[in-house]
Each structure stands twice: as C-alpha cells, then as structure tokens.
Amino acid sequence: MAIIRTENLNYIYGVGTAFEKSAVTNINLEIEQGEFVGIIGHTGSGKSTLIQHFNGLLRPTSGKVYIDGQDIWEKPKEIRKFRFKVGLVFQYPEYQLFEETVYKDIAFGPTNMGLTKDEVDERVLEAAGLVGLKDKHMRKSPFELSGGQKRRVAIAGVMAMRPDVLILDEPTAGLDPRGRDMILGEIQRYHIQNKNTVLLVSHSMEDIARYAHKVLVMNRSEVFLYDNVEAVFAHAREIADMGLAVPQITRICIALRDMGYNISPETYTVESAKEQILALLGGR
Amino acid sequence: MENIFECQSITFSYNIADQDKVLPVPILEDLSLAVRPGEFVAVLGHNGSGKSTLAKHLNAILLPQGGVVYVNGIDTREEERLLEIRSHVGMVFQNPDNQIVATVVEEDVAFALENLGVPPAEIRRRVDDALRSVGMYEHRLRAPHQLSGGQKQRVAIAGIIAMRPDCIVLDEPTAMLDPRGRQEVIGTVQELNREFGITVVLITHFMDEAARCGRVVVMDNGKIILDASPREVFSQVELLKSVGLDVPQATELVHRLRQAGIELPGDIIEVEQCVTAIGRLLKGS
Amino acid sequence: MLKDITIGQYFPGNSPVHRLDPRMKLVLTTVYIVMLFIASTPLSLVVGILFLAVVYPVSRVPVGMMIRSIKPIIPIILLTGILNMFFIDGDILWQWWFLKITDRGLTMAVLMSVRIICLIAGTSLLTYTTSPIALTDGLEQLFGPLKRFRVPVHEVAMMMTIALRFIPTLIEETDKIMSAQKARGADLESGGIMQRVRALIPILIPLFVSAFRRAEELALAMECRCYHGGENRTRMHVLRMGAIDAVSLIFTGACLAGVILVNIYGAGWL
C-alpha cells in the first residue's frame, strides 16, 4: 500500500498578491512502503516545499495528502500526530539543537509524543546507537560536540520518534567525503534494519545512484519523473538540461556510446562501466 | 620574484579543555609551504586535516607557535603591519551570510576601502570595477538577504577584490552552496586568477574543484603529504582514499581498469581525457 | 513572503522630501517638534498644521499612510482630550454634577490633541521618507562631534547598521528553527501563557546560539577587511547638502518664525 499519496497537490505562495507563485503544481504521487527514494531537482524546483507537505508543516493550497491511507488534513487540529509518523530532518539540522544534554535533545521528539519515561529512554538509546553516538556523548552538552557529531544528534532526534517515513533534506551538506560516506552508510543501515520508508533529498546524483532504489525528479514545481534509478538515467540528457549534474561516469558512457561503442548510456556506477569496457576489450 | 607566502616549519596546537585538564591538540606539525605569485593552489584534506588552520595563518588570524609565516616578506607576528598584510591577502569564508556587513551590496563591497581610508571617488571606482569582475554589478543596490548563496559569496569576493590584494585565500567557500552556486564561485575565482594574475589559495574537500587548479597540496594530520599538479596527485588513488578523500569518477574508472591489467595513462582526472583515452583503447581492439 | 519584510515604515520614492539630506531632515524634524510645543495658541498651531499640509503632498506619501500612523495613538489623544477638558480651571461652560467643562479646558483639549496628531504625523513623515540606513548615516554624522567627548558614535551607528542588515536573515532563521522543532512535535499554538513561553525555549536557544556564532564570524570577517574602529574611516557615499536642503531650511525657519509671531501678536484672537 502506498504510504504516501498525493492527489492534485498544489501549493501557491502569495495567493492573490502580485507575488503569486506556484511552488508545487499538480503533484500526483504514490510512494510505496519500504522504498528508499532519492529526490533530486534544481534549486527552486519545489522539492523542499513538497517534503514539508508530507509531514503537515505546509498545508496544500489545493489537493490532498494521504499518509498510510489517511487524509492528513481531515482533522486539522490533529495534524501533529502525522509529524511523528513522518519524520523530517532539515538541512543543517545541527542548528536546531537546544537541550542541556545530548540525551535530552534526542528525547525531545519522543517526549512530545507523550510516551512514558521508559519508552522514551529505550528510543533515545536506540537512535543514538543507530547514528554511532556513544555513552560518553550522551551526558555532554550538544554544543560541546563537533559539527559532524551534532548533525548525528539531530538526526537521532528524529529517528527516535520511530517514524514510518524518514525524510532527510541533504543530510550530507557541508560534509567531507568521509563524513558523507559515514552518514549515508548509517542511513542505509537504518533503512535495512527498520524496513521503513526513506526519502533522501540530494543534489548529488552519485549519492542517489548508490543508495536509492527509486528516484523522484522535480523540475520547475512539477514531477518530471518518478521511477527506478535505471529508468531515470535513461533520461540523463534531459536531466543534464535541467541543470542537474549527471554523474561523471554516466557522461563518460554517453560519450563513448556516441562514439559508437556498445556501452549503455544509462550506466551510473563505476563498477558497471568497468565491466562493460572489459567485456568489450575481452571480445578482441 | 618574492614568494607570496612562505610558511617555514610551522607548528600550531589548540588547547582543548577535557574535564579538569587542558590538553594541547596538535593541528599543524612542522609544516612548510611556499606559494609563488600568480599560482592557483588547492589545499585538499578531510575535515580535521588542519587545512583551515593553515589558511588562518596566511593572513595572521592565527600566529604560529613554532616556525614563521612570511606574507610578501612580512613576518605575520609584526603587529604594526597587520593591516598591511590583510590588505594584501584577502580572505573569504565558508558562510556566505556571516561576511556581509552592510544592508546594500555596493556598500558592503566598499567596506574594506572605507576602513583603509581610501578617498570616496576612488572607492566608487573600485567598487564598480570589483562588482563587474564578479558579475554582480546589476545587483549592486539589492539587499543581501535577497541574494542566493552563490551571489552572496561573489559579493564577498568583490569586497576583497576591491582592496586590489595580491592574493585571495578562500576557506571552503562552496561548502554551503548548491551546484550552481559552486560553479559560479569557482568560475569567478578561476577567471580572477587567469585575467588579473591574482594568487589564489583554495581550501576545499571537493576533488572537481581541486582538479581545476594548477597545483594541489594534500594535507593529513597537520602535515603535507602531497604537493604536485592535479594529474600527479590524483593518480595516487590509494593514498588519497587512505586519507579520507575521494577521486573523480573518471580517475576511479581508469584506476580500476589499470588494476585489471589494462594499459591506460595514470593521470586522468577529467571526463574528456577519460573518454579520449578509453576511446583510443577500444578503437585499437 | 518573510524575505520581503523591510524594517521601519520606509515608503520608497523619489520626491524632494526623499532626496533631502538625512541630517537636514533630522534637524528639521526637531525644529518642527519644538515649533509644535511652543505654539501656545490655537492659531499658532494652525501654522504647524499648514506645515504638514505643504510637506505631505510634496513627499507624495499617500494620506492613507499618515492616517495609519495616527490610528494607534487615538486612545492617547482621547485620554489627553478628556483630562484637559474636565480638569482645567476657568470659566465654566457646562456642568453636570461634579463634571465641568471650562473654556480654558476646551481650548487646552483641542490644543493638546492637535499637537499630538501633528507630532506623530510629522515624525512618521521622517521615517516614511528616509531609509533606515540613511537615518543611521545621518545620525552618525550629526553626532560626530561628540566623538571628541568619548561618545561611541561610530560604534553605535555600526551596531545599528549590522542589526538592520541581519534582521531579515534572523527572521528567516527563526522560521527554519520553528519548522524543525514543529517537525519534532513542538506545539507552539496551544496552552496557557506559561506553556507557550516554555514552548519558545527550543526556538530561542538555537537562535541565540546562532546569533552569537554569526557575530563571531562576522567580527573575524570584518577584521580581515581591515576594520579597526571609526578612526580615519572614509565613506563611499558622502552626504552633501543641496539646494532643496536650503529651501526646506528656509521654509521651516519661516514657519517657526510664524509660530512665534502669532504667539506674541495673535494672543488676542481665540
């Protein structure tokens, strides 16, 4: 069953003023439970606006949002409970930490859910473990930690709510290659372990190619494509035209294909490119 | 001609308070580096390698605890010449917002010149020139919060250029930008180096940015472990990976093919080079 | 959207009033305020009203804006009027029980009310026609001579500029922090006063921490651009008085003289 479904979703800024602008237009989407979806799109394509509809932070100008089959705006006063079902981690989440200790900050979400002290404790420790935080970190003030560690605390704070869907907006922004690999590795492990749904917004098609099964491509407030990774790379040229950076390896394979060699222009991993080239050479 | 920068065996540590003790954590160890006028140098390293600390020694934000740093022949410890050093070496930081002081773009670009007591008419001229060379002249009357990240960084660069410095040091200037912003900033800086001969030191962890420089210095654990052209540096794939860095996918592909016994040049870092080399290979088969 | 909020009530335009040197505007506004308070008869106040009647149209600021500036102080005007009307001694015009309205009381009520209205309308015109940054520049230059007496004029002006520069940025950041905390279930809408105040903590603490961090980074960036305080600093935009400044000075001076004259010779009328 689709865990997230939207029906003719529209969000328009400044309705009725001179600044009226459509941020997302006519979105009809169905995301299945258990998927790992990468979301890409140029700046201003509507991706950030769209994900804020999934946890009810934004209310559609028109259209509907269904989480697990329920229309989330049917009872507007109860919208908060959907924020626990769909956890959203914003960009640079380390800037939202505020508690005295790491433990308390991670506990903020579960506490707001109204859980018992024991339940909160269980979730906090579980989430901390998921992101690689140790016991010695838990009693420290979050402001004493390094940038990368702070980010982990923030992500753990959302994971601790045990959401059915976890959405992360550019979780690797500002990190170096090592930091990036660590965080994405942790998210992947989290996804495999919990079998829940993960949405990852990213500018890096390389990252998405490595970790996601499906890709949602946003372009100018509309959905351009929502399909498997392979299918999306079949449109590599169009994606490049949208101003998105196609992975180097894909560009190399497209160029070799244009030169007449039998290499798939939808290749998106180095390993696959290598195999194809070796195969062509082996046929000598 | 004199070196713009000369770091001679510099050491530096931060004091970290850990419970009751104060421990010195060494950041730079016996590091020496010389940069010649007109160079476009990338300093590459993972977070914690000491690259930002090194950058801060280049305009006397930090002073070395051991060794000396000379900027245009001036010892950075000479307090009376601090302004002179800083007017010759400009610095651009990571956060685009936290460098802009004024409420209007052109006023911000004028800031450094106003501090230096430059006459008003001359300020006006230099501000206009600086804005034009970074492509922000049409936005000169806008407010900073209306600009994109890439535009803000270009305004910051303009503010430095207006001082007509010999060198610009950029400390991870694109870390907080989207791909388009990154492109704008690196393109601008590259052009400033090419057209005006301004020395550029770019601190970064992005391989594709380092690939565009003339010289790449790789740091790890407070030491320089590689200092050569991009081609020479990127051919050392295993070494780079061992210090937490990445290589461009083009380089990675060639590396893996070479490991499988295929003969290919070991210094490929860009898509075109890669395509040409592999194309040649496949043609021969 | 939030990004378009401008501070103060600046109403952009290119009228002669907009183009006046901000220092002149500050001085003239002060003269105008003095004018209003030394006007001791209703007739001399009329000069004050006439002043507004001339300057507002020249500034091309819509009358609606002037009315908007007065609206919030209507309660004060009413209160002042009532206090003056009922509690000043003089020839009694009307009496009911202990409440009496005297002739002097009535005069004073009208005088004070009109005075307040003119005061607010006049000073609003200043902020309508002068951008916050121009005001800051004007203040810095006007108070410049005070530097000799160790008054930190430049530093205060610099603080004002930086504050103005960061207000939109901080508003944006507050928005982001609020969204992030709401995403973790923070409830900013319900509950009594105490609960709502407590709910602000997850917003205020990150905001303060962030503000301090910004201040630190900005200070470093400023030092790297050779900032060393206000000494020997030049400005790209030099404030220069022009013909319109001279004209407005003469006009205002004439009004002031008019008020004084009417005070002395028009005392018999009304």
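A: Asp220(B) stands opposite Lys223(B) in β10(B). The model is predicted: local features need pLDDT of at least 70, side-chain atom pairs count only at pLDDT 80 or more, and totals for chains, interfaces and linings use all residues. Residues are numbered from 1 along each chain as its sequence is written, and chains are lettered from A and ligands numbered from 1 in the order in which they are written.

Q: In what sense do β9 and β10(B) pair, and over how many bridges?
A: Strand β9 (residues 215–220) of chain B and β10(B) are antiparallel, with five bridges. Two strands pair if DSSP finds at least two bridges between them. Strands (E, at least two residues) and helices (H or I, at least four) are DSSP runs, numbered from the N terminus.

Q: What is the strand order in the sheet?
A: The order is β6-β7-β8-β3-β9-β10 (chain B), an open sheet of six strands with mixed pairing. Its edge strands, β6 (89–92) and β10 (223–228) of chain B, each pair on one side only.

Q: Changing topic, at what angle do α12 of chain A and α10 of chain B pack?
A: Helix α12 (residues 270–282) of chain A and helix α10 (residues 249–259) of chain B pack at about 45 degrees, their axes 10 Å apart. Axes are lines fitted to C-alpha atoms, for helices over the stretch in contact, and angles run from 0 to 180 degrees between N-to-C directions.

Q: Which residues make that contact?
A: From α12(A) they are Val270(A), Ala273(A), Lys274(A) and Ile277(A), and from α10(B) they are Gln249(B), Glu252(B), Leu253(B), Arg256(B) and Leu257(B). Residues are in contact if their C-beta atoms, placed from the backbone, lie within 7 Å.

Q: And by class?
A: The contact of α12(A) with α10(B) has five nonpolar, one polar and three charged residues. Ala, Val, Leu, Ile, Met, Phe, Trp, Tyr, Cys and Pro count as nonpolar, Asp, Glu, Lys and Arg as charged, and the others, Gly among them, as polar.

Q: How many residues do chains C and B give to their contact?
A: Chain C gives 26 residues and chain B gives 34. On the side of chain C that touches chain B, α8 (153–182) and α10 (201–224) of chain C are the elements that give two or more residues. The residues of that side divide into 13 nonpolar, five polar and eight charged.

Q: What elements does chain C have overall?
A: Chain C has 11 helices and two strands. Their order from the N terminus on is α-α-α-α-α-β-β-α-α-α-α-α-α.

Note on methods: Contact = placed C-beta atoms within 7 Å.
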